[in-house]
Amino acid sequence: MVRESCEPSVATYNAMIQMHCRKDSVENAFFLFDEMVSRGCPPNAMTYNAVIGELDQVKGLVGRMVLEGCEPETQLFNVLIRHSCTVGEFERAIGKFERIGCAPNLDSYNVLVNRLFGTGKSGRLLVEMVERAHAPSRVMFRRVLDGLLLMGNQGLAK
């Protein structure tokens, strides 16, 4: 594109970055990310979501995102929660609710409840979810009850 004097847009870079992340070519994704910035094409939330979802260490990139004026949104929050849960950092995932400053949505709670099933923490999340006016689905409610019963917490399950 550049050889033909056609500058790639944010959407073009996002598509290429996502493709590289899916193909486990994170180095190429970061190369494109840096190229994007150096060409004066500011990354948006979708750009950061794609790259952050593939990282083991995300603190620096989230900080960079904020410094560059791209405020984290709930979708990024969900990406970070999925990542933390995938690598077994459940407490860190729960802590992201407070640190990022985004309001969790139904998807956020679904991810946490599914990942924390059987740890005894899903009941607390269900209560918080209802307090924030998110109605759990039948499947989610049943999953939480099963987890509470599995952990021997019949009192909260009632």
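1. The structure, which is a predicted model, holds 0 disulfides.

2. Cys41 counts as buried because its relative accessibility is 11%, and the cut-off for buried is under 20%. Cys70 is likewise buried, with a relative accessible area of 14%.

3. Next comes helix H3. Helix H3 spans residues 45-52. Of its 8 residues, 7 are buried, so H3 is mostly covered under the 20% cut-off. The buried residues of H3 are Ala45, Thr47, Tyr48, Asn49, Ala50, Val51 and Ile52.

4. What caps the N-terminal end of H3? Asn44 does: one of its side-chain oxygens lies 3.1 Å from the backbone nitrogen of Met46.

5. Thr47 lies in helix H3 and has a relative accessible area of 0%, so it is buried.

6. Which residues does Thr47 touch, leaving out those up to four places away in sequence? The contacts are Val10, Asn14, Ile17, Phe33 and Met36. With Asn14 there is also a polar contact, side chain to side chain, at 2.3 Å. A reader checking the model can find Thr47 in H3 and then look for the side chain of Asn14 as its polar partner.

Notes. Residues are numbered from 1 along each chain as its sequence is written. This is a predicted model: local features need pLDDT of at least 70, side-chain atom pairs count only at pLDDT 80 or more; totals for chains, interfaces and linings use all residues. Side-chain values use heavy atoms; hydrogens and water are left out. Helices (H or I, at least four residues) and strands (E, at least two) are DSSP runs, numbered from the N terminus. Buried means under 20% relative accessible area, exposed over 50%, partly exposed in between (1.4 Å probe, protein chains only). A polar contact is a pair of N or O atoms within 3.5 Å; within protein, one must be able to donate a hydrogen and the other to accept it, and residues adjacent in sequence count only if both atoms are side-chain atoms. Contact means heavy atoms within 4.5 Å. A disulfide is a pair of cysteine sulfur atoms within 2.5 Å.
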